Amino acid sequence: MPTKLDRKTMPSIPTFGRDKIEIIHAQNFSLPNGIPVYYINAGTQDVIKIEVIFRAGSREQDVPLVAGTTNSMLEEGSKKHTSEELASLLDYYGSFLETSSQNDYASVTLYTLGKHLDKALPILEEIIKEPSFPQNELEIYLHNNKQRFLVEEQKVRVVAAKNFPALLFGDSHPYGHRTRLEEFDRVKKAYLEAFHKKYYSAGNCSLIISGRVNDVLLNKIGDYFGKDKITNAAESANHNYTPQSAKEKVNFIPKKEAMQSAIRMGRVLFLKNHADAIPFQILNTVLGGYFGSRLMSNIREDKGYTYGISSSVTFLQHAGYFNIGSEVGSDVCEAALVEIYKELDRLCTEPIPADELQLVKSYLRGNFMRSMDGPFALADRFKHIWLHNMDYSYYENYVKALSTITSAQLMEMANKYLHKDSIYELVVGAKKG
């Protein structure tokens with residue numbers, strides 16, 4: 001007879017020691033012209049991911065929106081093919097292209113079958129090296145994004161997300177700039193061409209390859225990307241990365257017609273290589289980093305003020321920050337804020353119970369192991385440390401911390417970073433109370 005499940009008793013949580021988790025490390029070499037290549041040979045399927053990374057994020061732009069627009073427009077036509085032709089070629093060979101532009105870096109990623117690499121690589125090269133930035137496609141792109149901007153500006157969640165970094169870093173800071181409607185009209189084709197020429201160059205480029213990687217594949221990469229002459233790498237924009245945080249800790253943006261209020265709370269932190277980075281991430285998980293967190297248990301499950309609330313830690317190349325985010329009914333906004341501050345205070349004044357801390361440790365360990373499932377995930381794990389000039393010892397220290405960190409250490413961390421007087425608060429909605 002099948003065993004009857006006991007759904008009233010929670011299964012025991014397995015413990016773990018200080019054992020190391022084996023991670024397949026990325027190998028590296030340089031193309032004939034000096035471009036660094038990092039690769040992970042893993043997996044059983046004949047699938048390849050090639051990510052070409054440039055230091056071409058929004059912090060490099062002199063004109064707002066140019067970095068992201070340049071990156072997005074790479075797929076919209078080359079000197080040889082239209083956007084439709086490029087899409088058809090990629091589709092015919094079972095390949096997929098992805099572009100991404102963030103604060104510090106931009107990338108173009110190709111997913112393809114190994115057997116079609118000879119056909120897909122020339123397309124990737126063409127898209128990166130020979131974009132035409134067709135005027136009609138640019139106008140459509142800007143028009144669509146302008147309309148999307150107008151729609152999104154009516155959402156309290158979006159307004160809060162855009163304005164909160166400006167409170168932490170300042171609107172003139174490359175990490176805090178708030179996009180404005182009139183900025184779409186200032187983007188010109190010539191700006192894209194100049195940005196592309198300066199930053200999408202061999203001297204400003206690195207490759208991360210994952211999947212079924214072999215010498216034949218690496219030689220082919222060299223054929224397409226290893227022959228361009230490298231000049232001096234583009235000089236990074238001369239920004240002042242010192243945060244210019246707002247003077248007022250408590251901020252409110254009214255939206256009279258809104259049924260809900262968006263809450264954002266947090267503060268500027270340290271870099272990813274800081275000694276407190278790993279302990280604070282564990283502390284953040286207790287607070288709001290997973291579905292069973294304290295914020296979810298209190299604000300959603302107990303009080304019913306929201307469908308979801310979370311906290312997170314973001315590490316950029318020149319800064320880090322902590323953020324709490326939620327949307328609540330305007331009539332319970334003030335009460336929700338009170339409860340959030342209560343949870344911050346609890347972490348500062350009460351040790352985390354042993355069973356709760358063990359649950360969080362087990363969750364994080366399982367999540368970490370799942371995040372290394374497959375060659376593409378392993379490549380992402382490598383990228384997360386490489387972008388911050390770190391090595392695999394970061395993950396060894398992370399796993400060790402999951403075994404050894406104590407409630408006392410986490411309470412010390414909370415007192416260091418989570419006192420109310422250090423937290424910035426932003427509410428966007430019809431009313432605060």
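**Remarks on the predicted model**

1. The lining of the largest pocket takes at least three residues from each of domain 1 (27-225) and domain 2 (250-429), the domain bounds coming from an automatic or database domain assignment. A pocket is here an open set of points on a 1 Å grid over the protein atoms alone, where a 1.4 Å probe fits, with protein on both sides within 12 Å along at least five of seven lines; lining residues have an atom within 4 Å of a point.

2. The model is predicted: local features need pLDDT of at least 70 and side-chain atom pairs count only at pLDDT 80 or more, while totals for chains, interfaces and linings use all residues. Residues are numbered from 1 along each chain as its sequence is written, and side-chain values use heavy atoms, with hydrogens and water left out.

3. The largest pocket holds about 1,200 Å³ of space, a volume being the space filled by probe spheres set on grid points that are joined across faces, edges and corners. Its lining has 41 residues, and Ser58, Gln61, Leu65, His177 and Thr179 lie nearest the centre. Two or more lining residues come from each of α1 (66-73), β4 (96-101), α4 (135-152) and α5 (156-169), and α4 gives the most, with six. Helices (H or I, at least four residues) and strands (E, at least two) are DSSP runs, numbered from the N terminus.

4. By residue class, the lining of the largest pocket comprises 14 nonpolar, 19 polar and eight charged residues. Nonpolar covers Ala, Val, Leu, Ile, Met, Phe, Trp, Tyr, Cys and Pro; charged covers Asp, Glu, Lys and Arg; the others, Gly among them, are polar.

5. Where does the second largest pocket lie? Domain 1 (27-225) and domain 2 (250-429) both give residues to its lining, so the second largest pocket lies between them. It has about 980 Å³ of space and is lined by 41 residues, with Lys272, Val313, Phe315, His384 and His388 nearest its centre. The largest share of this lining, five residues, is from β9. The division is 15 nonpolar, 18 polar and eight charged.

6. The count of aromatic pairs comes to 23; rings of Phe, Tyr and Trp (its six-membered ring) pair if their centres lie within 6.5 Å, and planes under 30 degrees apart count as stacked, over 60 as edge-to-face and the rest as tilted. Phenylalanine 169 and tyrosine 175 have ring centres 5.9 Å apart and planes at 80°, so this pair is edge-to-face. Phenylalanine 169, at 0% relative accessibility, counts as buried, as does tyrosine 175 at 5%. Buried means under 20% relative accessible area, exposed over 50%, and partly exposed in between (1.4 Å probe, protein chains only).

7. Phenylalanine 280 and phenylalanine 322 also form an edge-to-face pair, 5.5 Å centre to centre with 85° between the planes. Phenylalanine 280 lies in helix α8 and phenylalanine 322 in strand β10 (residues 320-329), so the pair ties together parts 42 residues apart in sequence. Both phenylalanine 280 and phenylalanine 322 are buried.

8. One aromatic cluster is formed by Tyr38, Phe368, Phe382, Trp386, Tyr392, Tyr394, Tyr395 and Tyr398.

9. Serine 101 is in strand β4 and is partly exposed, with a relative accessible area of 29%. The C-alpha atoms of serine 101 and proline 174 are separated by 14 Å, and these residues are 73 apart along the chain.
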